[in-house]
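This report describes a single protein chain for a reader who is new to structural models. Please keep the sequence and the structure in view while reading.

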Amino acid sequence: MKIGFVGLGIMGAPMCENIIAKHDDTVFVYNRTRAKAEAVAARGAVLCGSAREAAERADVFITMVPASADSRAVYEEILPVLDASKLCIDMSTIAPADSVAIADMVKKTGADFIDAPVVKSRPAAVAGKLGIYVGGSEAAFEKAMPILRYMGENVIRLGGNGKGLVMKICHNALVSQIQNGVNETSALAAAFGIDIGTFAEAISYGGGQNFYLDSKKAAIAAEDYTTAFSIQNMHKDVTICTELAASADVAMPGEENARRVYDEAMAQGLGAEDFCATVKVVRGRRHV
């Protein structure tokens, strides 16, 4: 089974490298920035000149691109080479409705399609230990499972097309609210002379312990905002969440507050920094 992979950024590159290392057939790769594709191809993949070429030569075609417009553009490009022999897996995080529209477009060619967004950040992608949420038919899920297992250790099907993305948005919304709670309470602790390391240790003694604080306390203490998952990407996700909630008439005041923090971070030009850099926004606020 030959695999095509398009989108070799911070997450896509290590995901694809895991496939190359573990799969026993050819992997075709393409990226708009050619140097990124060349770096991954050097691990043992075949470099392609376009997404269409990668899709045409592959049995399973995977995308990991930044936004809805990027995903739609790729799938519109490859439509002429799709047929019933091919499975498409979009691992991008985009609006569920946009993904369903892409799925409908792809399925008209006879090909199958699943959304399979991932959770956790680059270190988990490198280790092949991502969480993966799948939306699509049971048959497509079963066909995709061996390939998804190259990249993730926890894989769950949530239902039909778009449902994997709904769960991904819910997950990241929860993370954003946990993060904002950490930002606010650690800022209050700091105002009374309690540093982030001591704060994290004390929190670990009680019910407030959380993965976000445990994984980011050292970076926050060192003011090291090297990007594992960017503010720009999380801003996209919290924006999708608030729009999704509005469409379902579900009130999410906590997420609206998290979105305001991310809006401020983007306005301050922090989009390329790691998402833990939102602590700078919260600490910079003053009580009104």
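This is a predicted model: local features need pLDDT of at least 70, side-chain atom pairs count only at pLDDT 80 or more; totals for chains, interfaces and linings use all residues.

A disulfide is a covalent bond between the sulfur atoms of two cysteines. The cut-off for counting such a bond is a pair of cysteine sulfur atoms within 2.5 Å.

Two cysteines illustrate the result. The sulfur of Cys 241 has its closest cysteine sulfur in Cys 170, at 6.3 Å, which is too far for a bond. For Cys 48, the closest cysteine sulfur belongs to Cys 16 and lies 11 Å away, again too far for a bond. Cys 48 is buried, with 2% relative accessibility, and Cys 241 is buried as well, with a relative accessible area of 4%.

## Overall form

The protein contains 13 helices and nine strands. Its radius of gyration is 20 Å, close to the 19 Å that the globule rule gives for 288 residues, so the protein is as compact as a globular protein of that length. The C-alpha trace spans about 65 × 45 × 35 Å along its principal axes.

Of the 288 residues, 50% are buried. Among contacts with a separation of 6 or more, 66% are accounted for by residues 24 or more positions apart.

## An enclosed helix

Helix α1 covers residues 12–22, and eight of its eleven residues are buried, so this helix is largely enclosed by the rest of the structure. The buried residues in α1 are Gly 12, Ala 13, Pro 14, Met 15, Cys 16, Asn 18, Ile 19 and Ile 20.

## Strand β5 and its neighbours

Strand β5 comprises residues 87–90; Leu 87 and Ile 89 point one way from the strand, Cys 88 and Asp 90 point the other way, and all are buried. On one pairing, strand β4 (residues 60–63) runs parallel to β5 and is joined to it by four bridges. Within this pairing, Thr 63 has Asp 90 as its bridge partner. Between β4 and β5 the chain passes through helix α4 (residues 68–78), and this β-α-β crossover is right-handed.

Strand β5 also pairs with strand β6 (residues 112–115), again through four bridges and in parallel. Here Asp 90 stands opposite Asp 115. From β5 the chain reaches β6 through helix α5 (residues 96–107), in a β-α-β crossover that is right-handed. Asp 90 therefore has a partner in each pairing, Thr 63 in one and Asp 115 in the other, and takes part in linking β5 to both strands.

Arg 57 is located in helix α3 (residues 51–57) and is partly exposed, with 38% relative accessibility. Its side chain makes a polar contact of 3.0 Å with the side chain of Glu 53. Arg 57 also touches Lys 2, Phe 28, Val 46 and Cys 48, not counting residues up to four places away in sequence. Arg 57 and Lys 2 are 55 residues apart in sequence, yet their C-alpha atoms are 7.4 Å apart in space.

Is Lys 216 buried or exposed? Lys 216 is buried, because its relative accessible area is 13% and the limit for a buried residue is under 20%. This residue lies in helix α10 (residues 211–222). The side chain of Lys 216 makes a polar contact with the side chain of Asp 274, at 2.9 Å. Leaving aside residues up to four places away in sequence, Lys 216 touches Ala 228, Asp 274, Phe 275 and Cys 276.

## Positive phi angles in loops

Most residues other than glycine have a negative phi. Glu 223 has a positive value, near 50°. Glu 223 lies in the loop between α10 and α11 (231–247), and counts as exposed at 58% relative accessibility.

Asp 249 also has a positive phi, near 55°. This residue is found in the loop between α11 and α12 (253–267). Asp 249 is exposed, with a relative accessible area of 72%.

Methods
Residues are numbered from 1 along each chain as its sequence is written. Side-chain values use heavy atoms; hydrogens and water are left out. Helices (H or I, at least four residues) and strands (E, at least two) are DSSP runs, numbered from the N terminus. Buried means under 20% relative accessible area, exposed over 50%, partly exposed in between (1.4 Å probe, protein chains only). A polar contact is a pair of N or O atoms within 3.5 Å; within protein, one must be able to donate a hydrogen and the other to accept it, and residues adjacent in sequence count only if both atoms are side-chain atoms. Contact means heavy atoms within 4.5 Å. Two strands pair if DSSP finds at least two bridges between them. A crossover is right-handed if, with the strands pointing away from the viewer, the path from the first strand over the helix to the second runs clockwise. The radius of gyration is taken over C-alpha atoms; the globule rule is 2.2 Å times the number of residues to the power 0.38.
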